[in-house]
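Subject: Structure handover

Hi,

Here is the structure I promised you. Please open it next to this email and follow along.

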Amino acid sequence: MIDQSSNRAWKSFAWAVLLVAVVVALTPYVWMVLASFKNRVDLLSSVPKWSFAPTLANYPAVFIDKEYWPLAINSVLISVSSTVLCIVIGAPAAYGFARSDFPGKEDLFFFFLTTRMAPPISIAVPLFLFFTSLGLIDTIYAVVIAHTSFNLSLVVWMMRGFFAEIPREIDEAAMMDGRSRLGAFLFVVAPLAAPGIGATAVLCFILSWNEFLYAFILVAFDGRPLTVGIPGLVTPHGTLWGQVAAVAIVATLPIVLFTFLVQKQLVRGLTFGAVKG
Amino acid sequence: MAIVFDGVTKAFPDGTVALQALDLAFEPGEFLVLLGPSGSGKTTACRLLAGLERPTAGRIMVEGRDVTDLPPRLRGMGMVFQNYALYSHKSVYENIAYPLRIRKMPAAELDRCVRAMAELLEITRYLDRRPSQLSGGQAQRVAVARALVWQPSLCLMDEPLSNLDALLRLHMRTELKRLHRELKKTFVFVTHDQEEAMTLATRVAVLREGALIQYDDPREIYRRPANRFIAEFIGRPAMNTFDGDVRDGVFHASGFTCPLPGKPDGPIVLGIRPEQIQLVDASAGDAIRFAVDVVEPVEPDVLIFAKSEANALIVRTVNDDRAYNPGEPLHLRFPPAALHTFNTVSGARLP
């Protein structure tokens with residue numbers, strides 16, 4: 001028997017915890033939204049201002065006057081390309097891990113994970129030298145390759161589980177029906193794993209979109225994504241907080257909207273399994 | 001001979017030898033049943049024929065063509081899997097149509113083929129459903145339809161009825177037999193259920209530990225089991241066997257003796273089927289005495305489990321409403337023609 005009043009008390013407590021968590025998580029973001037509409041005086045006022053005369057000036061100031069709009073395009077190009085590469089390379093690799101046995105399989109699989117164990121900064125300098133000698137430094141290609149290499153382990157690790165959930169007999173049925181092994185993967189297994197592939201792609205996209213360190217080290221001028229653009233607003237004359245906030249809003253908005261739109265599919269994909277045949 | 005296993009051996013990387021130099025041949029149009037307990041290599045044999053596994057040694061020939069190294073899609077065989085393996089993201093219609101789509105069949109003909117096959121298997125009503133909305137029996141029919149829709153010359157079935165409940169299993173068994181008769185295709189059917197094997201097969205290949213131990217038509221396997229293992233595996237219930245010795249034409253075992261003329265003295269295994277043991281009156285001179293232990297009515301018959309010292313046996317007889325009380329003596333006769341004898345060591349049938 002559950003006591004009604006204690007049940008209600010418990011519920012109120014849960015709501016209170018949730019409320020605190022939401023406030024803690026959202027306050028900085030709300031503050032950033034407000035900051036992007038403040039003028040310099042309101043921004044630097046010693047007493048934080050919740051009410052002020054909003055201005056739209058920060059957005060054109062940074063995106064048009066400082067020519068930051070191509071950075072948004074770079075961000076899109078880098079994230080989309082590295083996500084596509086990750087899936088195209090990682091999904092077949094994960095499928096191989098899920099389906100075939102070969103000597104040293106688990107060691108190789110673990111090796112994928114070790115690529116994420118080192119602190120990212122520790123391979124920043126080798127990466128810089130590497131791309132310099134390839135002549136790719138200061139191009140978005142360098143960033144795409146760097147992001148692909150560190151997201152690939154995530155893809156292989158996540159998707160091996162998704163493929164393992166699909167019974168082997170499905171591949172075998174497709175082969176008996178007339179597909180080659182590759183055909184069975186492309187036309188039957190991959191569509192079945194689509195929710196998982198989609199969720200993995202969303203995570204790859206978000207990780208690449210938000211990545212700062214490698215992008216900052218590998219590109220300085222034309223190839224910069226939005227994340228790398230922000231430090232450029234820290235000038236010898238002071239930090240342009242309004243413009244920093246404006247860039248940050250533009251940089252986070254697609255992710256926020258996107259996550260809202262696909263959250264149902266994302267959860268379904270991440271808990272992918274139990275394919276009923 | 002149309003389909004031939006020629007010295008086929010399959011060893012897995014972990015060291016298990018699933019099949020040891022299997023020689024087996026059967027004709028087109030047969031309903032071949034591969035029968036054996038788990039681990040006997042029956043499923044491996046089926047998968048080797050399908051091309052889902054490669055043999056370690058030996059060849060597989062189909063109509064004179066060596067298919068050993070051909071991938072599954074070039075072998076012209078359909079397959080039904082134990083867990084159905086339907087494509088859960090496609091409708092039933094598209095599941096059945098899939099082999100035809102791969103072969104790029106024109107739409108009108110494809111539709112005709114799919115509907116004809118659905119008609120045959122009585123699943124026309126479910127064509128628009130998703131596999132997840134089907135019961136086990138319906139899913140099994142869809143799997144059979146998909147395997148047969150493109151008219152393969154050979155249909156492989158790996159324990160297709162094991163996941164069905166008992167009633168449905170009996171029903172599907174009959175359906176498969178009808179399908180085999182109507183389509184005149186070669187069926188290869190893997191099962192561990194001896195009753196499925198006996199009812200469906202034109203010929204049964206009994207496998208044990210990777211070796212073929214008897215290959216014959218079902219009646220012959222029932223009447224003349226090649227060894228003690230098959231005798232104790234086939235039949236409902238299986239054959240009673242007794243370890244004992246022959247001395248001067250009489251079989252001596254723990255708890256009873258039985259005349260067994262024409263056999264040399266020494267250890268021997270005596271076998272008799274439960275349904276061939278006769279119940280006789282206590283007054284009969286040569287009656288063998290056992291004591292009733294457990295009685296199971298399996299109408300219209302009754303199974304009597306009886307014991308005598310270290311030996312136990314089962315008698316299957318028509319239930320005539322006679323009461324068999326536990327502990328009561330049971331007087332039996334073993335008709336000489338019903339006796340089987342096996343070698344004590346090897347288990348091989350003695351002539």
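Helix α3 of chain B covers residues 107-120. It has 14 residues and reaches 20 Å from its first C-alpha to its last. That is close to the 20 Å expected at 1.5 Å a residue. (The expected span is 1.5 Å times one less than the number of residues.) Helices here are DSSP runs of H or I with at least four residues, strands are runs of E with at least two, and both are numbered from the N terminus.

Before you go on, two notes on the source. This is a predicted model: local features need pLDDT of at least 70, side-chain atom pairs count only at pLDDT 80 or more, and totals for chains, interfaces and linings use all residues. Residues are numbered from 1 along each chain as its sequence is written, while chains are lettered from A and ligands numbered from 1 in the order in which they are written.

Back to α3(B). Which of its residues are buried? They are B:Val114, B:Met117 and B:Ala118. These residues cover an arc of only 100° around the axis, so they sit on the same side of α3(B). (The arc is taken from the directions from the helix axis to the C-beta atoms.) A residue is buried if 20 or more other C-beta atoms lie within 10 Å of its own, exposed if 12 or fewer, and partly exposed in between; the C-beta atoms are placed from the backbone.

What do the buried residues pack against? Their partners are α2 (92-102) and α4 (136-148) of chain B. Contact means that two C-beta atoms, placed from the backbone, lie within 7 Å.

Now turn to the face of α3(B) that points away from the buried side. It carries the exposed residues B:Ala108, B:Glu109, B:Arg112, B:Ala116 and B:Glu119. Take B:Ala116, which sits in helix α3 of chain B. B:Ala116 counts as exposed because it has 12 C-beta neighbours inside 10 Å. Its C-alpha is separated by 8.7 Å from that of B:Val149, 33 residues apart along the chain. Just after α3(B), B:Glu122 takes a positive phi of about 55°.

Next, a sheet in chain B. It is an open sheet of five strands, in the order β15-β19-β16-β17-β18, with antiparallel pairing. (Two strands pair if DSSP finds at least two bridges between them.) β15 (278-279) and β18 (311-318) stand at the edges, each with a single partner strand, so one side of each has no neighbour in the sheet.

Here are the pairings to check:

- β16 (residues 288-298) and β19 (residues 329-333) of chain B run antiparallel and are joined by four bridges. In β19(B), B:Leu330 is the bridge partner of B:Phe290.
- β16(B) and β17(B) run antiparallel, with seven bridges. They form a hairpin with two residues between them. In β17(B), B:Lys307 is the bridge partner of B:Ala291.
- β17 (residues 301-308) and β18(B) run antiparallel, with eight bridges. B:Ala306 stands opposite B:Leu313, and B:Asp301 has B:Val318 as its bridge partner. This hairpin has two residues between its strands, and there B:Glu309 takes a positive phi near 50°.

Now step back to chain B as a whole. It has eight helices and 20 strands. Its C-alpha atoms fill a box of roughly 80 × 45 × 35 Å, taken along the principal axes. Of its 351 residues, 38% count as buried. Among contacts between residues at least 6 apart in sequence, 62% join residues at least 24 apart.

How many residues does each chain bring to the contact between A and B? Chain A gives 18 residues and chain B gives 24 residues. On the chain A side, α8 (168-177) and α9 (181-192) each supply at least two residues. α8(A) gives the most, with seven residues.

Last, the record. UniProt places "domain: ABC transporter" (unreviewed entry) at residues 3-234 of chain B. The end C-alpha atoms of that span lie 26 Å apart, and the span is 35% helix and 25% strand. UniProt positions use the numbering used here, feature names are shortened, and annotations may be inferred rather than shown by experiment.

Best wishes
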